[in-house]
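Trainee: Hi, could you walk me through this structure? I'm new to it.

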Amino acid sequence: MAAAAAAAAAAEQQSSNGPVKKSMREKAVERRNVNKEHNSNFKAGYIPIDEDRLHKTGLRGRKGNLAICVIILLFILAVINLIITLVIWAVIRIGPNGCDSMEFHESGLLRFKQVSDMGVIHPLYKSTVGGRRNENLVIIGNNQPIVFQQGTTKLSVEKNKTSITSDIGMQFFDPRTQNILFSTDYETHEFHLPSGVNTLNVQKASTERITSNATSDLNIKVDGRAIVRGNEGVFIMGKTIEFHMGGNMELKAENSIILNGTVMVSTTRLPSSSSGDQFGTGDWVRYKLCMCADGTLFKVQVTGQNMGCQITDNPCGNTH
């Protein structure tokens, strides 16, 4: 209180008589008193505030958990990216001078300069796979067939055979002369075997006719059963026609079977009997093959020895 009164008196004296100069001692005493009062007043400028209502900075709660998950995901992606980069670097062999195993050209050509191990290759539309001009293109399958497939057309190269299957047909031509060597377009080109191919192995063929050259024979061989069927009939024509079979030969027709020419049947493999006592028993059922004057064939069941073709319901009428 005394210090305040002295300060007020000094201020009043200063305001009435002008500024009053203080000595060094007075200034030190005044400064010490002000600091003492300030240090003893702990409630000066204090305002009670609720901390829960204060604005909190940083990521807290769900935002913090989400941030941690994003950081972990970015770390996993970085590790995967690093692994992919190492694999690409090891396989493609990228070095200071570029790629050691392949070349990329502006024309879209991808050239492999070293032996490449691949599983499945998917070329783009109208792509070409080839080798160098003076070098062979070597494709090796490790104990597996090499398959070239485009849509439903498939070329399979195996150890003992090469097969081509297609639902829309196929065509082989010379890339230099553009001459068609082999085609299955029967409407435009007649089906011919390529030069040097003498055997055609098929399971089922549908065609209008099968012919051979004028100087060679047409041989049709099967391991099991051969069925020749025609919607409007089957016509077999040739200078000599021979049928060799290990089992039975069955001829069926809705109307008639016509054999025009000399017909010879080898009986060396036909069953026979030394005596005629089996005709009356049920162990054997035999038929005799008869032919009319116009070439119509019919059968007659043999019921006794020296039996001819004279039956009541023969298709030839009175001429046998």
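Trainee: Over how many bridges do β6 and β7 pair, and in which sense?

Mentor: β6 and β7 pair over four bridges, in the antiparallel sense. Two strands count as paired if DSSP finds at least two bridges between them, and strands are DSSP runs (E, at least two residues; helices are H or I, at least four), numbered from the N terminus. Before we go on: this is a predicted model, where local features need pLDDT of at least 70 and side-chain atom pairs count only at pLDDT 80 or more, while totals for chains, interfaces and linings use all residues. Residues are numbered from 1 along each chain as its sequence is written, and side-chain values use heavy atoms, with hydrogens and water left out.

Trainee: Thanks! In what order do the three strands of the open sheet come?

Mentor: The order is β5-β6-β7, with antiparallel pairing. β5 and β7 (162-165) are at the edges with a single partner strand each, so one side of each has no neighbour in the sheet.

Trainee: What is the bridge partner of S156 in β7?

Mentor: That is S163. S156 itself lies in strand β6.

Trainee: Is S156 buried or exposed?

Mentor: S156 is buried, at a relative accessible area of 8%. Buried means under 20% relative accessible area, exposed over 50%, and partly exposed in between (1.4 Å probe, protein chains only). Leaving out residues up to four places away in sequence, S156 touches P145, I146, V147, K161, T162 and S163; contact here means heavy atoms within 4.5 Å.

Trainee: New topic: what volume does the second largest pocket have?

Mentor: About 2,700 Å³. On a 1 Å grid over the protein atoms alone, a pocket is an open set of points where a 1.4 Å probe fits, with protein on both sides within 12 Å along at least five of seven lines; lining residues have an atom within 4 Å of a point. The volume is the space filled by probe spheres set on the points, which are joined across faces, edges and corners.

Trainee: Which residues lie nearest the centre of that second largest pocket?

Mentor: I121, V129, L137, I139 and F148, out of 47 lining residues. The largest share of the lining, five residues, comes from β5.

Trainee: And where is F148 placed?

Mentor: F148 is in strand β5. F148 is partly exposed, with a relative accessible area of 41%. Not counting residues up to four places away in sequence, F148 touches I139, T153, K154 and L155.
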